[in-house]
There are 2 protein chains.
Amino acid sequence: MQVAVVTFDGFNELDSFIASALINRCRGDGLEALITTPTPVVTSMNGVEVTGQRPMEFVTEADVVLIGSGVKAREVVADEQLISELRLDSSRQLIGAQCSGALVLARLGFLDGMPACTDRKTRPFVEARGIPVLDEPFHAEGNIATAGGCLASQYLATWVITRTLGEDAARDVLDYVSPVGENQETIERALRAVHSAEGALA
Amino acid sequence: MQVAVVTFDGFNELDSFIASALINRCRGDGLEALITTPTPVVTSMNGVEVTGQRPMEFVTEADVVLIGSGVKAREVVADEQLISELRLDSSRQLIGAQCSGALVLARLGFLDGMPACTDRKTRPFVEARGIPVLDEPFHAEGNIATAGGCLASQYLATWVITRTLGEDAARDVLDYVSPVGENQETIERALRAVHSAEGALA
């Protein structure tokens, strides 16, 4: 299974790389994340140039699509060409967004009828599209998930791994990346965030 | 003030980018992190190509040097040319290492007489150099710090920001990057990790 981590120019390194690095710890189990970019090279909000691993067309064939965040999200949603390339299908794909990525999912209509999580700067722009924003780090309904606050990207990764490989695989990844000695609390915090979001639906 | 985030081929994205992205939230206050690489382009352990922002010579002029982690740390410490380029001075620089970066600091002699934090895979190699490894995520003595477990890189960044700009600046950064609704606990956890490491010295 392949995960497209959509990464635009001006991206926030935390949002693309925490999710992709956690997911890529499952490569041995057949789950792989790939940095997916609209141009061959994108430059982060802090000036770091990264070469994309896949072009935007990859989003149509990926099993999971995560929309990263960055300082140009409002330019992205105003870019008809770029938006037209994001042909996603929530009936067969898991679709998630980190922070300002929620604005892109809202623009694409995937948040109609559900609340979302996002960062405090993006919040008014998501609300302006009629989407209620939660004071929570993670929310999922069906195949759609959003996370708010850069470090909540670990919850988005936990959701993807749990939904594709199961909770034990997510526990193993979280155990490996945890600060030494904080393993159990790190695992429980992430699983609680993912479960409470899904429990809210029940 | 400038922070060299030393990033070798085979690097772990979490270790270089969590630290650099947190520190770069202080650019407006004059603290800046720059990805510093031995070659113009380095490739991560997951195949992501990143263009370095500074060459290795930058480590001699930076105010802070953080050694990132990766799957080739043992090759790095065996590379006399690369090691000779790491001319660091703990009397005027803050020096930190994330996970397998501790092996590089040990090779350079900066961990003589102090214990270190590192990840579980690197642990036996650090211990083989006579350095005791702690079951903790972060440890600092004077101008030298080590962190263990990928997500402990937020503690390394907290230490750098606290030591250069003060605790309030660190609180502001942690507040911004926290998972939404988990702000206070995220801030307290990071400050506790940094303070308890320094308190252990007193």
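Predicted model: local features only at pLDDT ≥ 70, side-chain atom pairs only at ≥ 80, totals over all residues.
**Helix packing in chain A**

- On the α1(A) side, the contact is made by L14(A), D15(A), I18(A), A19(A), L22(A) and I23(A).
- Facing them from α7(A) are S153(A), Q154(A), L156(A), A157(A), V160(A) and I161(A).
- Sorted by class, the residues of this contact are nine nonpolar, two polar and one charged.

**Helix packing in chain B**

- In chain B, look for helix α1 (residues 13–24) and helix α6 (residues 153–165), which pack at an angle of about 35° with 8 Å between their axes.
- The crossing in which α1(B) passes α6(B) is right-handed.
- From α1(B), the residues that take part are L14(B), D15(B), I18(B), A19(B), L22(B) and I23(B).
- Their partners in α6(B) are S153(B), Q154(B), L156(B), A157(B), V160(B) and I161(B).
- The contact of α1(B) with α6(B) holds nine nonpolar residues, two polar ones and one charged one.

**A helix with a buried face**

- Helix α7 of chain B covers residues 167–177, and A170(B), V173(B), L174(B) and V177(B) in it are buried.
- Viewed down the axis of α7(B), these buried residues fall within an arc of 95°, so they line one face of the helix.
- As a reminder of the geometry, an α-helix has 3.6 residues a turn, so residues three or four places apart point the same way.

**How the two chains are related**

**The interface**

- Between the chains, 33 residues of chain A are in contact with 33 residues of chain B.
- On the side of chain A that touches chain B, α1 (13–24) and β4 (49–51) each supply at least two residues.
- The largest share of that side, seven residues, comes from α1(A).
- By class, the side of chain A that touches chain B has 16 nonpolar, 12 polar and five charged residues.
- Since 100% of the interface residues of chain A are also interface residues in chain B, the copies meet through the same surface.

- C99(A) has a phi near 45°, which is a positive value in a residue other than glycine.
- Its place in chain A is the loop between β7 (94–98) and α5 (101–107).
- C99(A) counts as buried because it has 31 C-beta neighbours inside 10 Å.
- In chain B, phi of C99(B) is likewise near 45°, again a positive value in a residue other than glycine.
- C99(B) sits in the loop between β7 (94–98) and α4 (101–108) of chain B.
- With 30 C-beta neighbours inside 10 Å, C99(B) counts as buried.

**H139 of chain B**

- H139(B) belongs to strand β8 (residues 138–141) of chain B.
- This residue is buried, since 28 other C-beta atoms lie within 10 Å.
- Leaving aside neighbours within four places in sequence, H139(B) is in contact with P115(B), A116(B), C117(B), L134(B), A145(B), T146(B) and A197(B).
- Y155(B) is 16 residues from H139(B) along the chain, and 9.6 Å separates their C-alpha atoms.

**E136 of chain A**

- You will find E136(A) in the loop between α6 (123–127) and β8 (138–141) of chain A.
- E136(A) is buried, with 23 other C-beta atoms within 10 Å.
- Not counting residues up to four places away in sequence, E136(A) touches C117(A), along with V180(B) and G181(B).
- R54(A) lies 31 Å from E136(A), C-alpha to C-alpha, and the two are 82 residues apart in sequence.

Notes: Residues numbered from 1 in each chain as written. Chains lettered and ligands numbered in written order. Axes fitted to C-alpha atoms, helices over the stretch in contact; angles between N-to-C directions. Helix = DSSP H or I, 4+ residues; strand = E, 2+ residues; numbered from the N terminus. Left-handed = near helix turned anticlockwise from the far one by under 90°. Contact = placed C-beta atoms within 7 Å. Nonpolar A, V, L, I, M, F, W, Y, C, P; charged D, E, K, R; others polar. Buried ≥ 20, exposed ≤ 12 C-beta atoms within 10 Å, placed from the backbone. Arc of directions from axis to C-beta.
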